[in-house]
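Here is a friendly walk through some side-chain contacts. Have the sequence and the 3D view open as you read.

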Amino acid sequence: MTQKRKWIAGAAMTALATLLAIATASCSDDTLSLAEYVALCDREVESDDETWVTFGEYANYIEEVYDEYRQIEPPAEVRQFHRASVIAIGELLSFARSQGEDEPYNAWALFAPAMAAAAQIEAAQDGLNPETRQLLIDSGCIDDEDGQGEQDES
């Protein structure tokens, strides 16, 4: 596996963990401030894919996250990024559902859909203004694998 593919797969899993943190921390219909949205990324999310025996179990888990995440009203600064993330989660959910309720869960089978989701989220990250992008990097909402964030000059 190439370094870029490893990064994309890792980015997809990081994005999913971030989305889980945001989804589980905020289920209100009120628009979040940028500070509230960024603060949600500081939460640690533990995701143990070993607990999913079937794709049905995984799909149920993703569906819960998807439903909660769709309820979040993000601030204008990250609205496009958030929407791209919702779409990406929805596509992972569709893939998981297409595998069949009783099909054994296989993380490797998620590789291609996870890469596609990561690409969508990465494209949305590119549309963020530099200050907002840096806030999301600093909070752990997004990775800075491409080095576009501020450089430490110490």
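The report below covers aromatic pairs, then a helix, then salt bridges.

**Aromatic rings**

Keep in mind that this is a predicted model. It holds seven aromatic pairs. Take W52 and Y61 to begin with: their ring centres are 5.0 Å apart and the planes meet at 45°, so the pair is tilted. W52 is buried, at 12% relative accessible area, whereas Y61 is partly exposed, at 24%.

F55 and Y105 make another tilted pair, with centres 5.5 Å apart and planes at 55°. This pair joins distant parts of the chain, since F55 belongs to helix α3 (residues 55–71) and Y105 lies in the loop between α4 (79–98) and α5 (111–126), 50 residues apart. Both F55 and Y105 are buried.

Which residues do ring pairs link into a cluster? They are W52, F55, Y58, Y61, F95 and Y105.

**Helix α4**

How does the span of α4 compare with what its 20 residues should give? At 1.5 Å a residue the helix should span 28 Å, and its end C-alpha atoms are 29 Å apart, which agrees. The expected figure uses one less than the number of residues. Several α4 residues are buried, among them F81, H82, V86, I89, L92 and L93. After α4 comes G100, whose phi is positive, near 100°.

**Salt bridges**

Side chains of opposite charge can pair when their charged atoms come close.

| Arg | Glu | N to O distance |
|---|---|---|
| R97 | E63 | 2.7 Å |
| R79 | E73 | 3.4 Å |
| R97 | E101 | 3.6 Å |

Together, E63, R97 and E101 are linked in a network of salt bridges.

In the bridge between R79 and E73, R79 is partly exposed at 23% relative accessibility, and E73 is partly exposed at 28%.

Note on methods:
Residues are numbered from 1 along each chain as its sequence is written. This is a predicted model: local features need pLDDT of at least 70, side-chain atom pairs count only at pLDDT 80 or more; totals for chains, interfaces and linings use all residues. Side-chain values use heavy atoms; hydrogens and water are left out. Rings of Phe, Tyr and Trp (its six-membered ring) pair if their centres lie within 6.5 Å; planes under 30 degrees apart count as stacked, over 60 as edge-to-face and the rest as tilted. Buried means under 20% relative accessible area, exposed over 50%, partly exposed in between (1.4 Å probe, protein chains only). Helices (H or I, at least four residues) and strands (E, at least two) are DSSP runs, numbered from the N terminus. A salt bridge is a side-chain nitrogen of Lys or Arg within 4 Å of a carboxyl oxygen of Asp or Glu.
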